[in-house]
Amino acid sequence: MNRKLIQPLLGICILSMVLCCQENKQIEAPQAIEPTPSPEQLAWHEMEMNAFIHFTTNTFTGKEWGYGDESAEIFNPTDLDVDQWMGTLKKAGFKGVILTAKHHDGFTLYPSDYTEHDIANSPYKNGKGDLVKEVAESARAHGLKFGVYLSPWDRNRADYGEESYVRYYRNQLKEIFTNYGDIFEMWFDGANGGDGYYGGAKEERRIDKQNYYNWPTTLAMVEKMQPSVLFFSDAGPDLRWVGNEKGIGGKTNWNMITADTLFAGKAGIGDLLQTGSKDGTAWIPAEVNTSIRPGWFYHEEEDSLVKSPEELFRVYLQSVGRGSTLLLNVPPDKRGLFHQNDVASLLGMRRIIDSVFADDLALNSQISASSYRGGQENFSAEHLIDKNAKTYWSTNDDIIKSSVVVEFETKQEVNYILLQEYIALGQRIKEFNVEAQVDGQWKQVAKGTTIGYKRILEILSVKTTAIKINFIDARANPVIANLEIY
Ligand code: FUL
């Protein structure tokens, strides 16, 4: 064959080999965009709803903050039944429970070797009781994870404010973390310092909130005992406060903040805690803590002020529906039981959640996307409705503006849109909107900023034949695990 012919033929062969290889080349999963959650943080996001339990001498004195001079004798629940607490929480859909092992008054719900101001000196079970043990065991028996609140501020201790108190506090942490099995979350309260009994001194004591407890050393000590524990405080290091106690998560809710200059109790950081920051350097998601009653502790006069099922559902939408985890406080009463009004509200809330989110219209619908990554089936829009949290729809790296359309066979009434990012690869979406097809026209019915672990948008009962989600802006190409329509 002459050379003039061979050269073009060779060229064609090489070109078709290249094209052929490109066709067969599987496009990789998107790269993670840092920061990303740890496995423990991911598991925590999936819990969605946890319960707080505030119980101490305050339950019997009617106070919210015990002064520290309360006698252990007054702690005397007569019909205490932790299985009633855990059974109710389980039925209501909670996944974990955090108990106040010690509140600011200093009384411990477990027998501590380091103080006399504890349950061992109360009439409860003739001083043989240990509520940390009882709650931990009952929680686990009901399939709930167990967590602990141990107030760093102690209005009972004579040496609060001195070095020796920090040693005392650490000793109590050792007791908690060695005697009661796995603890999923340790809650460090930012409320620290003020007036108190302090062993009879009855004075005002202020501490240097940033340095007094030497948190890095304290946390390292706990982590050595239980490496999987998540630390909550105003500013992390694992979970952050949402900046209010009203049950309101940020509509814009980045799971990231830059915690370097933050510390528990630092003033003026509420707004930052609420929204997080899209350029934050660490994954420190917001937890929404609020109480089912006006107070954190049980007070008889608040029996008529328990949040209704509808109010609790609103709290759910404002916390879980905004990509946070809810920590809802339910305080046992003087008998040592959840009051019937609280129980009714919790179960009522569960009924509302179950009925509102019963019939996902996105299932059995026609779903399509403006494009999907590499044109590959493993990144196609079907993964948004496959009920598998580990699969997702995604686009090519350079495609941010994109959309997903869900078409119904017949006109449907739509009230809620639920979206979830695949956050193991980082939080991405900055702006999106929802359109509904009404009389053949696309009409915007909702818009949002962040999505994160979960975003539920409420729309005013729209009758529509199709829903379109437009992803408008993001830190990187969208990676969406789940879409539900109700
Ligand atoms: C606050 C405390 O002062 C309240 O009593 C309650 O424990 C709440 C969860 O945190 O900072």
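Predicted model: local features only at pLDDT ≥ 70, side-chain atom pairs only at ≥ 80, totals over all residues.
**Entry 1: the cores.** I started with the largest nonpolar core, which has 79 residues. L89 and M186 have the most contacts inside it. Domain 1 (39-356) and domain 2 (361-485) both give residues to the core, so it lies between them. I also found a second, separate core of 29 residues, and I367, I429, V434 and I459 are among them.

**Entry 2: M186.** I looked up what M186 touches, leaving out residues up to four places away in sequence. The list includes Y169, L173 and F177, and also V229, L230, F231 and F232.

**Entry 3: ring pairs.** My search of the whole structure gave 34 aromatic pairs. I picked F75 and Y124, an edge-to-face pair at 6.4 Å centre to centre with 85° between the planes. F75 sits in the loop between α3 and α4, and Y124 in the loop between β2 and α5, so the pair ties together parts 49 residues apart in sequence. Buried or exposed, I wondered about F75? F75 is buried, at 0% relative accessible area, and Y124 is buried too, at 5%.

Then I checked Y169 and W215: their ring centres are 6.3 Å apart and their planes are at 85°, so this pair is edge-to-face. Y169 is in helix α6 and W215 in helix α7, so the pair links parts 46 residues apart in sequence. Y169 counts as buried at 1%, and W215 counts as buried at 14%.

**Entry 4: a cluster and a charge.** Y169 and W215 belong to one aromatic cluster that also includes Y168. Over the ring of Y168 I found the charged end of R157, 3.7 Å from the ring's centre.

Conventions: Residues numbered from 1 in each chain as written. Heavy atoms only, no water. Core = buried A, V, L, I, M, F, W, Y, C linked by side-chain atoms within 4.5 Å. Buried < 20%, exposed > 50% of the residue type's maximum accessible area, 1.4 Å probe, protein only. Domains from an automatic or database assignment. Contact = heavy atoms within 4.5 Å. Phe/Tyr/Trp six-rings, centres within 6.5 Å; stacked < 30°, edge-to-face > 60°. Helix = DSSP H or I, 4+ residues; strand = E, 2+ residues; numbered from the N terminus. Lys NZ or Arg CZ within 6 Å of the ring centre and 35° of its normal.
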